[in-house]
Amino acid sequence: MADMETALKEVMEIDGCIGVALVDHTSGMALGTLGGGKDLDLTVAAAGNTDVVRAKLRAMEMLNLSEKIEDILITLDTQYHMIRPLTSRSGKGLFLYVALRRDRANLAMSRHQLRRIENDLDV
């Protein structure tokens, strides 16, 4: 099992990764961040994407969907923003937020690597 710091470092090794945050979607607080920079404030992104997760969960509830969200993808001109809610018992209420450069990232491979990292993560 990987701890949070190790998991964040592994996410940063994904080709094209700009930054990653582990976020509590109840409070909107980033529990840990790595990467980012002047063009990507990961604390602001964590809080903003909490609203995205909450809205999707509300919509699923209204539609009586009992499935789990695997990930949410937001495609920008030059970036992919991925939100991956954690499904383990210890990760309940948390999600990984990852920003990737579109010109460098392989989306399918990135999703595969995130799934593996999530499965090894112990929070």
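1. A polar contact of 2.6 Å links the side chains of E118 and R84; such a contact is a pair of N or O atoms within 3.5 Å, where within protein one must be able to donate a hydrogen and the other to accept it, and residues adjacent in sequence count only if both atoms are side-chain atoms. E118 is part of helix α3, residues 107-120. With a relative accessibility of 7%, E118 counts as buried (buried is under 20% relative accessible area, exposed over 50%, partly exposed in between, with a 1.4 Å probe and protein chains only).

2. The model is predicted: local features need pLDDT of at least 70 and side-chain atom pairs count only at pLDDT 80 or more, while totals for chains, interfaces and linings use all residues. Residues are numbered from 1 along each chain as its sequence is written, and side-chain values use heavy atoms, with hydrogens and water left out.

3. The protein chain has 3 helices and 5 strands, in the sequence order α-β-β-α-β-β-β-α. These elements are DSSP runs numbered from the N terminus: helices are H or I with at least four residues, strands E with at least two.

4. H81 sits in strand β4, residues 79-85, and counts as buried at 10% relative accessibility. Its side chain makes a polar contact of 2.6 Å with the side chain of Q79. Leaving out residues up to four places away in sequence, H81 touches L40, I72, L73, I74, L76, Y97, V98 and A99; a contact here means heavy atoms within 4.5 Å.

5. I72 belongs to strand β3, residues 72-75, and is buried, its relative accessible area being 14%. Apart from residues up to four places away in sequence, I72 touches V52, K56, H81, M82 and I83.

6. For the chain as a whole, the radius of gyration is 14 Å, which agrees with the value near 14 Å for a compact globule of 123 residues. This radius is taken over C-alpha atoms, and the globule rule is 2.2 Å times the number of residues to the power 0.38. The C-alpha trace spans about 40 × 35 × 25 Å along its principal axes.

7. Of the 123 residues, 39% count as buried. Among contacts with a separation of 6 or more, 56% come from residues 24 or more positions apart.
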